[in-house]
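Let's walk through this one together, question by question. Have the sequence and the structure at hand as you read.

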Amino acid sequence: MVDSSDYDETPVRFRNLNEVYQDTVEVELTSDSEVEALLAVMEEPSCYRVAAGNGNWVEAMESEIQSINKNRTWELVELPAGQKPIGLKWDYKLKRNAEGEIVKYKARLVAKGYVQRQGIDYEEVFAPVARIETVRLILALAANRSWKVHHLDVKTAFLNGELIEDVYVSQPEGFEKKGHEKMVLKLRKALYGLKQAPRAWNVKLDGSLKKIGFRKCVTEPAVYTRGEGLSKLVLGVYVDDLLVT
């Protein structure tokens, strides 16, 4: 189920730079603290220390942690001998509408996958995605047959991918378990940033689609079909975006 509150469907509107200058309100800031406060509200934080001073970002981080815990993504364990945990970092993004107004504060926990070693932390990383020619073909088919087209974005898609490797990550900054700060998290499921995350998600999606009757296209592994004739469904996959007609 896609939560419509997680994204904004307002069409993008481009504005001339002169229009932006005309609509800009001049603000006088008398101290460094006022400058920092304004940047914390209007800009995306560069680190947890900056975000922690703003209630909106704190709420966004708490929402991300709740989503991860609800999905049973990890468990708190002692770090095994010979293992090295992968670091985590917070990534912040402001969602704005066409008028430039902030509609959502989004915080995502990302693994520092660049330190992973092949054969130790991961094996396969490849995940098929629909080519642009395939997307055009699906849209042309829908237009020719007057079919409705739906675009779905899977919320926290990578958190559904199940890992086959033993991967350990450090506890997220600001959300360390009190009294157990030296323990690490063993991942049951993938996190954004892990090299094998796209692959794990695609395997999960592939299995789920086949369970409900979809068949994978022989010549295009990112396309699935179900049914025949007027009841036929065509689905194209591009990572966590689904095109359905």
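Q: Does Trp 90 count as buried, partly exposed or exposed, and what is its relative accessibility?
A: This is a predicted model, in which local features need pLDDT of at least 70, side-chain atom pairs count only at pLDDT 80 or more, and totals for chains, interfaces and linings use all residues. Residues are numbered from 1 along each chain as its sequence is written, and side-chain values use heavy atoms, leaving out hydrogens and water. Buried means under 20% relative accessible area, exposed over 50%, and partly exposed in between, with a 1.4 Å probe and protein chains only. Trp 90 therefore counts as buried, at 8%.

Q: Which residue forms an aromatic pair with Trp 90 that is tilted?
A: Rings of Phe, Tyr and Trp (its six-membered ring) pair if their centres lie within 6.5 Å; planes under 30 degrees apart count as stacked, over 60 as edge-to-face and the rest as tilted. Here the centres are 5.7 Å apart and the planes make 55°. The partner of Trp 90 is Phe 175.

Q: Where does Phe 175 lie?
A: Helices (H or I, at least four residues) and strands (E, at least two) are DSSP runs, numbered from the N terminus. Trp 90 is in strand E2, and 85 residues separate it from Phe 175, so the pair links distant parts of the chain. Phe 175 sits in the loop between E5 and E6.

Q: Is the aromatic pair of Phe 158 and Tyr 192 stacked or tilted?
A: Its centres are 4.6 Å apart, with 20° between the planes. Phe 158 counts as buried at 8% relative accessibility, and Tyr 192 counts as buried at 10%. The pair is stacked.

Q: Which residue lies over the face of Tyr 192?
A: A charge sits over a ring if NZ of Lys or CZ of Arg is within 6 Å of the ring centre and within 35 degrees of the ring normal. Over Tyr 192 the distance from the ring centre is 3.8 Å. The residue is Arg 108.

Q: How many residues does the largest nonpolar core have?
A: A nonpolar core is a set of buried Ala, Val, Leu, Ile, Met, Phe, Trp, Tyr and Cys residues joined through side-chain atoms within 4.5 Å. Among those with the most contacts inside the largest one are Trp 74, Leu 187 and Leu 194. The number of residues is 40.
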